[in-house]
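Hi everyone, thanks for coming. Let me put the sequence and the structure up on the screen, and then we can walk through a few parts together.

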Amino acid sequence: MEIVRKWIQAIMALLVNGSWSFPFTRTIYQGPLKVVCSPGLNCYSCPAATTYCPIGSLQQMMAGIRIALENGQNFFGFYVVGTMGVLGGAFGRLICGWACPFGLIQELLHKIPSKKFSIPQKLNYLKYGFLLFFVILLPLTVVDDFGYGELWFCKYVCPAGTLEAGLPMLMLQPGLSRTIGIVFFNKMTILVGFILWSILASRPFCRTTCPLGAFYAFFKKLKLVKLRLIEENCTKCEECHAVCPMGVKFNESPEDAECISCLKCMDKACKFNAISLEIAGLPVGRNAGVRRRPGTKQSNAVM
């Protein structure tokens with residue numbers, strides 16, 4: 001299953017970055033597909049990107065609400081929130097594990113041989129702060145003289161944007177180097193920091209900073225695709241702890257919001273059929289036929 005997941009990750013990365021004319025046009029794709037929401041974090045300004053970034057679009061919506069109200073426009077682009085909600089309701093953070101290009105990059109970096117370190121669980125809550133402040137509150141409240149806000153997360157934080165858009169555009173349009181300032185160097189520092197951290201620890205950006213992962217985590221109890229713990233089969237061997245790239249202790253916290261449904265715990269670790277996959281309440285996969293004793297409890301898990 002891990003090989004299948006890697007292929008899906010690669011295919012998704014190519015699908016949302018499928019405009020390969022950029023070496024000749026030396027600019028950003030602006031075709032009709034740019035109205036389609038990328039399920040994962042993928043910079044709109046990447047020259048190969050054929051879709052828009054949901055976090056960038058959410059900031060754009062928040063940044064323009066005030067001026068829209070002043071002009072009597074009582075609509076705020078809820079297509080963006082609705083699309084994100086549909087994706088979250090269907091898949092939750094499965095998108096992080098199967099469809100996010102920057103998640104794939106972090107996984108590949110982590111394969112570089114080095115001493116590995118864990119990430120303190122308390123740092124997981126930081127990404128909710130980034131979602132609240134950098135994506136929602138700051139674009140909404142800190143505005144210029146015309147009433148427009150800034151895209152704070154994209155402009156000042158996002159390492160995916162620096163890697164996928166900032167650096168490639170500098171190579172395609174060398175003249176842009178004249179506009180480089182402290183903001184760019186700050187973002188380069190953030191990018192290098194996350195690259196090094198990704199080598200030493202598993203998916204640090206996903207776990208501590210990504211506002212899209214924070215948004216999808218809110219759907220942990222609602223999504224259609226779920227992992228479930230069959231408690232009567234669990235021996236508490238803790239093998240699932242060792243393989244989880246997000247630091248989830250599945251047998252202790254089967255509804256953990258950090259779970260990205262990579263299925264490593266089910267396929268690589270659990271030898272006792274204690275973890276099963278369900279879609280819309282129907283069991284699928286190798287544990288679909290596992291039965292429980294009458295009256296035993298089955299726990300939902302985050303997917």
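**A strand pair, a helix and one methionine**

Let's begin with strand E1 (residues 225–230), which pairs with strand E2 (residues 275–279) in the antiparallel sense over five bridges. Pairing here requires that DSSP finds at least two bridges between the strands. Helices (H or I, at least four residues) and strands (E, at least two) are DSSP runs, numbered from the N terminus. Within this pair, Leu227 sits opposite Leu277 of E2.

A word on the source: this is a predicted model, where local features need pLDDT of at least 70, side-chain atom pairs count only at pLDDT 80 or more, and totals for chains, interfaces and linings use all residues. Residues are numbered from 1 along each chain as its sequence is written, and side-chain values use heavy atoms, with hydrogens and water left out.

Back to E1: six of its six residues are buried, meaning under 20% relative accessible area, while exposed means over 50% and partly exposed is in between (1.4 Å probe, protein chains only). Val225, Leu227 and Leu229 point one way, and Lys226, Arg228 and Ile230 the other.

Next, helix H1. Its buried residues are Glu2, Arg5, Lys6, Gln9, Met12, Ala13 and Val16. They lie on the same side of H1, because they cover an arc of only 125° around the axis, taken from the directions from the helix axis to the C-beta atoms. The face turned away from them carries exposed Ile3, Trp7, Leu14 and Leu15.

Finally, where is Met62? Look in helix H3 (residues 54–70); Met62 is buried there, at 10% relative accessible area.
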